[in-house]
Amino acid sequence: AYHAKAIESQPAAKLVAVADIYRESADKCAAEHSCEALYSIDELLKRPDIQAVSVCSPTFLHAEHAIAAMNAGKHVVVEKSMAINLPDATRMIRTAKDRNVKLAVIFQKRTEKGAQKIKKAIAGGVFGKMVFGDASIKYWRNQAYYDGADWRGTWDKEGGGSTMTQGTHGIDLLLYMMGDVEKIYAWMDTVAHTRIEVEDVALALLKFKNGAYGRLQTATATNPGQGNVFEFNGTHGTAVLVEDTITSWAVSDSKETCARETITGVKGEASTAASSATTFPVEGHIIQIGNFIAAIRGEEELICDGYEGRRSLQLIMGLYESARRKEEVYLDELLKGLEV
């Protein structure tokens, strides 16, 4: 529904059809958005009047569906996470390159005003040398959430738990702000749910390539959920971002004292997604779909292309690898043999 609404908001786009193997779901969505209902991806991909495809299927199908669409000559925008493993993500990037089509990954938190203000401040050296970049991504999902779909809570289909599914937006934003992570040491556990294989809590210590340190927490076991909370600390200043609102901002021209400022124009509309899987704002999708269309026309660079989309997946895979091996993992090791 978010993609449909975002497409409908664009004067340069038209929602032609929706496809779902569950006919009732396809019919319902098509009726709501005044478009055609199709019942297989093959039906959709053979249509010459469809130039671009939004891939909103379960996570384990993202790579299969995106690659099929790109091989059919369609531009693709795919929901997070772009894939459940790095080889599949890399195949997606290679296919986009080989077929000369656009591949965009939805990470709409990048578009929010508060995030943009902090991103520019870090890049401009406003906070001095970065010392810490922390992300606390604590959500609540009840047992019914996991029981409601047989692919949820499984390694082979969901690809992970609180880190992969709920944490990925915050992880992408942390990397967007701080740059790549050099190495990670992590723990994970399942503490509040039954009948799931994956983690519902995780904790990781990070060393960024820029020399800063970081802490990452993810959960679907904390009730009520607190959502995404970020702290960025440098030698000249600090900013705290809660969801899409800057709640604290302190900057100084020296290392001695920092003056707190009242921040205006960067307060967002808080989402209840921390405690519910069904409520998210659509504004970020509208911005990214608009950017996707402009990129197809050669007017803009993608906000998040396949390479950028793979960064968060690389960190997530590093977290899982470190937790399983109980040792420090260098993230670049995970991309050996996966160069594009």
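## Overall fold

The protein chain has 11 helices and 14 strands. Both are DSSP runs numbered from the N terminus: helices are H or I with at least four residues, strands are E with at least two. The radius of gyration is 20 Å, close to the 20 Å that the globule rule gives for 340 residues, so the chain is as compact as a globular protein of that length. That radius is taken over C-alpha atoms, and the rule is 2.2 Å times the number of residues to the power 0.38. Along the principal axes, the C-alpha atoms fill a box of roughly 65 × 45 × 40 Å.

This is a predicted model: local features need pLDDT of at least 70, side-chain atom pairs count only at pLDDT 80 or more, and totals for chains, interfaces and linings use all residues. Residues are numbered from 1 along each chain as its sequence is written, and side-chain values use heavy atoms, with hydrogens and water left out.

## Burial and contacts

Of the 340 residues, 53% count as buried. Buried means under 20% relative accessible area, exposed over 50%, and partly exposed in between (1.4 Å probe, protein chains only). Take the contacts with a separation of 6 or more: 66% of them join residues 24 or more positions apart. A contact means heavy atoms within 4.5 Å.

## Helix H2

Helix H2 spans residues 23–33, and Ala 26, Cys 29, Ala 30 and His 33 are buried in it. Seen down the axis of H2, its buried residues fall within an arc of 100°, so they line one face of the helix. The arc is that of the directions from the helix axis to the C-beta atoms. On the other side, Glu 24, Lys 28 and Ala 31 are exposed.

The buried residues of H2 pack against helix H1 (2–8), strand E1 (17–19) and strand E2 (36–38). Just after H2, Ser 34 takes a positive phi of about 55°.

## Ile 289 in helix H10

Ile 289 is found in helix H10 (residues 283–296). Ile 289 counts as buried because its relative accessibility is 3%. Leaving out residues up to four places away in sequence, Ile 289 touches His 3, Ala 6, Ile 7, Gln 10, Ser 54 and Val 77.

Val 340 lies 51 residues from Ile 289 along the chain, and their C-alpha atoms are separated by 25 Å.

## Tyr 213

Tyr 213 lies in strand E9 (residues 213–219). Tyr 213 counts as partly exposed because its relative accessibility is 46%.
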